[in-house]
Amino acid sequence: MSGSTTGSLVSLSPGTVVQYLESQSGLRSGKRRVVLLRAAPSWEGPAQLSWGQRREAAVVAAPSPLAVYELALGHRADSATGPEVLVVLTDREEVELGPDLLARVHKWRVNTVDAWDMVRNLFGVSLTEGRLNEEKWAAEALLDARPGRGWPRLTGGMLSRREALTLLTLRRLGIGRYDPDSDDRSDSGALAGASASSADDVGIQTLLRWSLMPGGPDRLLALRAPEQAGIIRFLGEEAQAGRAGQALLALVRAEHGADAVAFGLVCGALWGHADATADTEDFRARGRAERWFGEEPPAHGRALDELVAAFGRSCEEFIAALLAERSTADSSESTRRLTAPLLERAASLARQFGAERAARTSPVLTAGLEARFTAIGEALLAKELARATAAIRAVGEHRLAQDSEVVLRTERARMALRLSQWLAAGVDAGCEGVAAGIDRHLADTGWVDLALHRIAAGGDSDPVLKSAYDALGGAVRARRHEIDRRFARTLADWTSGGGAPGSMLTVERFLPDVVAPVVRDARRPVLLIVIDGMTAAIAADLGEALREQWVEYDPWPRAKGTPRRRGMAAALPTVTAVSRTSLFAAELRRGTQVDEKKLFPGHEFWGGEQVAVFHKDDLRAVSDGDEFGPALEEALSGERTHVAVVLNTVDDRLASEHKDGDGGAWRPADIGKLPELLHRAASTGRTVIITSDHGHVVDRRGQRVDAVDMLSARHRAPGGSLAEEEITLSGPRVVDPRPGGEIVALWDTDSRYSARRAGYHGGAAPAEVAIPVLALLPFGAEAPKGWLELGSQQPSWWTLTQRDGSAAASAQLPATTAGGPVRRKTGRRSKKDVQLAGNHDSLFEVRLIPTGEAGVSGEAALLSPALVSPDDALVSALLASQVLVEQQALLPRKPTSAQLEKSVRALLEAGGTLPVTALAQRIGLPAQRADGFGALLRQLVNRDSVQVLELLADGRTLRLNVGLLREQFELG
């Protein structure tokens, strides 16, 4: 307990008295002594104090010479009991007491206590800073607050004001290792020998955390007035907690310390984020909030506004740091226990003050987060996609954005924006053939399904955003409905006409056309993973995740055109017994697992090597230490054993659950045994090909269609009238119920024949017919002959920002995909339209070229219009650019013109994004030169350090900004 002033003398604290007694070597044990100390004759401490080696001293105050005399004689009397040492506090002069009394007391005088001398002794210094000596209250407080193991011994010879008051403040407030409750319970809390320079900070962040400690603010309020005022004055200085600290301490004095942080979050909204748009409601709320500072606020008028705004910012920074800790496993639970009540209390205070409008502007409060989700919904409903992009970005900037639930909600909002951009692109629903329909599904509509599934898997609690999702889902389904209808008609025509594969990849040609060339390449064994029921949407999800550890390739050597993720046509009906057996048999047929195990190893292209196929039961380990069953373990360990594994997770989930993975997502870990198989393949150097036997449709709003001869959930025997949702399929590709037979199948993804389940297959929708193929190798592995590395397969409308970083306006996005251009629904173009075509969104530009007779040139040559692709025009303009010539002259090494041309073309064909190894492959360079060539190319085109060609964060992917390329090289 610190001292206070009475008249011109100080009332001593218990710590000061103890420290004085311990400094007196003449107070030997075994003899009764009286010690007179000059001080104000008042004592509020205990009647007896412990000091030294288990010694006790009685302390009393004597207001008069007579009282001093009686106390001294009584203590020295033979009949006296109690402690050997009596300390008498007196303000009398020695002449008033007389020599007879003084002869009976310690040192024969009234002793004067030099508190600062004792403080210096405790810290092991010879000097105290002058500014510290001016703090009259501080010496007594430092003596009284001394830890049980002592203050730290300092180096440097001087105790500064900041060091002393920092240590005292930490001790009195119970912060960190200076908490008095921890003195004698942990060696880690020992202060002896420590340096004051390593003392905990007493800035605003520390004080905010202290305010949340049980009983923390009460510690300050319990101090005597001089010490309390001194500590508050010290903490309010700019070098310590500053103006924010002044506001916090004012709240503590007003007995609102425990709610200070929550209150500060409301202040941040009222005086910070809502300030630019503040209305009458906000100003009234400010008036109510100001009353929380009590009858003596820390400032007035504009100064108070600035102080409260600073306090609000500090509280937001504090809570932001806590929320960031929630992302770490070690502190997630404890931090959540702290932040959740704070945010709830802040919401309650916002309602109490009438600050609900301001709370919606907060980057920390839950109301601010919900307002941002509402803004996304409003923008989507208004079809203002640039505004929706900005709103999604604002959600990502909110301090709660990293919460797992918010991450899922934000991802659903991004998916909604992507779907809006897809709708705005105006893709034509026409289908020029089954092969084109399958290619489009892999490159475009499969991604639509992925986005739609993500939204439908969770929806949203915000009513505006929910309405936006409902409206968007309806519009997307309507567009997809027409696409699926036309695909089904095309499929029916193709199958009835014989269903010849031609140049199209089909399920029965998969092994001879894709797997056999890899086997003949003889570089490494094959691991074929068949994920029963995997759709193009699931493959897109898995492909994005697998890109972090694997390189994806186009594995079809016979294919022409731009490399892309391949899809193949399933057998009909799209059920496992038909399509999977056809895959393993390499011919259209129906069968069972037994047939698959028998037929798969019998193909001639295996060349006599070991081959095995494994189904669900083969994956079950027989011991705790195994990953797989013994036969599969042995096969995977074989250096030249080709292995096929069927994984049934997707197909099984259709019958048991009403969702596609968590939040609609499919990650490798969601597919049973897939991560283990991939790990084993990487460690044993296998070529990995992941495919399926058919896809499926998800039941979101399904309706049952009556059927008499139902053969599966999505197909039936022929007969009767056709419903709107049905199509008749016949021809050689129809295997069941008899080869070359006829079935009726559902093409509408929202229809079924059976009882409701999570999803179905057997129908004629692209999601069921199109089978995705993922061909993978570990980083650095040499690819089989004919394989071409792929860049990102995301369609252009998947990107939420333009290349220059501005908000996306999807109506202006070119309608292209990773697999090439997708035609817009524009109708027939007139001759005049073709002549005037010249914008960069067109499929072709018009150029005038000489077409006269041989030998005729100059003005006599005739000029006629010819269509030139935008890519050709851009590359030609770049190679002819004078700016490029000047840039090349600055570099000691540069790509050749042929390399530059091939590189730019490859990047343009890939949609602007391509791994450096894929780029090197396209221009004929070995993989080991890929990084060096990529750096050389970036050095050439990144004129004036503008990132025309950017190396992405993964360190292996290049992205070309076509807009910046045109601008930097003046290409028009």
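Analyst: A residue is called buried when its relative accessible area is under 20%, exposed when the area is over 50%, and partly exposed in between (1.4 Å probe, protein chains only). Buried residues make up 53% of the 972 residues in this protein. The model is predicted: local features need pLDDT of at least 70, side-chain atom pairs count only at pLDDT 80 or more, and totals for chains, interfaces and linings use all residues. Residues are numbered from 1 along each chain as its sequence is written, and side-chain values use heavy atoms, with hydrogens and water left out.

User: Which residues of helix 29 are buried, and why are they placed on the same side of the helix?

Analyst: In helix 29 (residues 674–684), Leu674, Leu677, Leu678, Arg680 and Ala681 are buried. The directions from the helix axis to the C-beta atoms define an arc; for these residues the arc is only 160°, and they therefore lie on the same side of helix 29. His679 and Ser683 are exposed, on the face turned away from the buried side.

User: What do the buried residues of helix 29 pack against?

Analyst: Their partners are strand 10 (526–531), helix 24 (536–546), strand 11 (550–554), helix 27 (630–637), strand 14 (642–647) and strand 15 (687–691). A contact requires heavy atoms within 4.5 Å. Helices (H or I, at least four residues) and strands (E, at least two) are DSSP runs, numbered from the N terminus; the protein has 37 helices and 31 strands.

User: What makes up the lining of the second largest pocket?

Analyst: The lining has eleven nonpolar, four polar and seven charged residues. Here Ala, Val, Leu, Ile, Met, Phe, Trp, Tyr, Cys and Pro count as nonpolar, Asp, Glu, Lys and Arg as charged, and the others, Gly among them, as polar. Helix 35 gives the largest share of the lining, three residues.
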